[in-house]
Amino acid sequence: MRNDSTEKIFNLIILLLDTTNRSVDELCSEAGISRRTFYYLMEFLRSREFIIFKSGGYYHIDRRSPFISKITNSIQFSNNELLTIWNLLGMVGTGNDTVNKLRHKLDVAYDFSRVTDNPQSRRMANSVKKLSAAIDRKRMVRLLDYSSPHSHSVRDRIVEPYLLMNNDRDVRCHEISSGINKTFKIARMSGVEILDTPWIHEDLHRQVFTDIFMFSGEKRHTVTVRLGLLSRNLFLEEYPQASKCVQQDGDDADHWILKLDVCDYRGIGRFVMGLFEDVEVLGDDSFIKYIGDKVTMMYNKIFPDKSQAE
C-alpha cells in the first residue's frame with residue numbers, strides 16, 4: 001500500500017478513536033478521502049482486528065479492538081518497571097522542577113498508589129486479574145462485599161464484566177439483578193469470584209464514552225456555552241485536548257462558543273459556576289435546568305433563613 005494511502009488510513013484511525021462525533025462527510029474531509037474510499041477502509045479495518053461500531057449515525061473504533069489492545073500492551077509499563085522509574089526519580093530529590101513534573105505525571109497517568117506494596121493494592125491487583133480473565137472468558141463474576149455510597153449498602157453483586165477502565169481502577173459491568181450497565185470501582189470491592197456461568201446479556205453491553213472531565217457513561221449530552229476571554233483561556237489551559245470544541249463567536253473577537261459532549265453535568269457545571277460572570281449557558285435545556293437547580297440549592301444553603309421565609 002502506497003505511503004499516501006497508509007497515511008490516510010492512520011489519519012482515519014485517529015479520527016475514529018476520537019470521542020468526538022463526526023459525520024461520514026466530516027470524516028472523509030478531515031482524512032482526505034472519498035465516501036467510496038471510506039467504506040472500503042471500514043471493511044479493510046474490520047479485516048485487521050478493528051472493531052467498528054456505529055451509534056447515532058456516527059462511526060467509532062472500539063478501544064477494546066484486538067489490534068488496539070496489542071499496541072497498548074506493548075507500550076504499557078509493568079509494575080516493576082513503574083517502581084524502578086519511580087525510585088530513580090526519587091533518588092534525584094525534589095529540587096528539580098522537571099523531575100517533580102515527571103513524578104506528578106507518572107502518578108496521574110498510572111495511579112502509582114495502585115502498584116505500591118500494600119495489602120489494598122495487592123487485593124486490587126488480584127481483583128483486576130480475575131476481572132480480566134472473566135472478560136476474556138465471557139464469564140459472570142461475583143463482586144464481593146461491594147460498598148455503594150448510593151444505596152448505602154455493602155453486599156455481593158452478580159455481574160457480567162466487559163470493560164476495565166481508568167487504568168484498571170473501574171470496571172464496566174452488566175448487573176444481573178437490576179438489568180443495568182454500571183461502572184463499579186475496584187477499590188470498593190473486597191474481592192472477585194469468577195463464576196462458571198457464561199454471559200447471557202452480551203447484546204445489552206454498551207460502549208462507554210469518557211468525556212474530557214473524566215466522567216464516563218453510555219449517554220452523551222451536548223452542552224453549549226459562550227465564553228469570555230478569561231473563561232476561554234482557563235478552559236484551554238486546563239483542557240487543551242478540547243481546543244477543537246472552542247470556536248470564535250462569529251466576528252466577535254472577545255467571545256467564543258464551546259460545544260462539547262459530556263456524560264455528566266458535574267464536570268462542565270463546576271467550570272461554569274466557578275466562572276459564572278464570564279460564561280453564558282446556551283444549552284442544552286437539561287443543563288440549563290441543572291445550573292438553575294444548583295444556584296437555587298447554593299442560595300438556600302447560604303441563606304437558609306431567607307429561603308424558608310420565601
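**Salt bridges and their surroundings**

Guide: Let us begin with Lys289, which counts as exposed because its relative accessibility is 54%. Keep in mind that this is a predicted model. Lys289 forms a salt bridge with Asp293, and their closest N and O atoms are 2.8 Å apart. Both residues belong to helix H10, where a spacing of four residues separates them by about one helical turn. Asp293, with a relative accessible area of 38%, is partly exposed.

Now for a group of residues linked by shared partners: salt bridges join Asp18, Arg22, Glu30 and Lys244 into one network. The cut-off for buried is under 20% relative accessible area. Asp18 has 19%, so it is buried, and Arg22 also counts as buried, at 8%.

Next comes a pair that reaches across the sequence. Lys138 and Glu202 meet through their side chains in a salt bridge of 3.1 Å, N to O. Lys138 sits in the loop between helix H7 (119-137) and strand E3, while Glu202 sits in the loop between strand E7 (191-198) and strand E8 (209-210), so this pair ties together parts that are 64 residues apart in sequence. Lys138 is partly exposed at 38% relative accessibility, and Glu202 is partly exposed too, with 40%. In total, the structure holds 18 salt bridges.

Strand E3 (139-148) also leads us to another feature, as it is one of the strands that each supply at least two residues to the lining of the second largest pocket. That pocket has a volume of about 850 Å³. It is lined by 27 residues, and His150, Arg172, Thr183, Ser216 and Arg266 are the closest to its centre. Ten of the lining residues are charged, nine are polar and eight are nonpolar. Strand E6 contributes the most, with six residues.

To finish, return to helix H10 (285-302) and follow the chain to Phe303, in the loop between H10 and helix H11 (304-309). Phe303 is partly exposed, with a relative accessible area of 36%. Together with Met298, Tyr299 and Ile302, Phe303 makes a nonpolar surface patch of about 380 Å².

Technical notes: Residues numbered from 1 in each chain as written. Predicted model: local features only at pLDDT ≥ 70, side-chain atom pairs only at ≥ 80, totals over all residues. Heavy atoms only, no water. 1 Å grid on protein atoms, 1.4 Å probe; cavity = no way out; pocket = protein on both sides within 12 Å on 5 of 7 lines; lining within 4 Å. Points joined across faces, edges and corners; volume = space filled by probe spheres on them. Nonpolar A, V, L, I, M, F, W, Y, C, P; charged D, E, K, R; others polar. Patch = residues over 30% accessible without salt bridge, like charges linked within 9 Å, V, L, I, M, F, W, Y side chains within 5 Å. Areas by Shrake-Rupley, 256 points an atom, 1.4 Å probe, with all protein chains shown as cover. Salt bridge = Lys/Arg side-chain N within 4 Å of Asp/Glu carboxyl O. Buried < 20%, exposed > 50% of the residue type's maximum accessible area, 1.4 Å probe, protein only.
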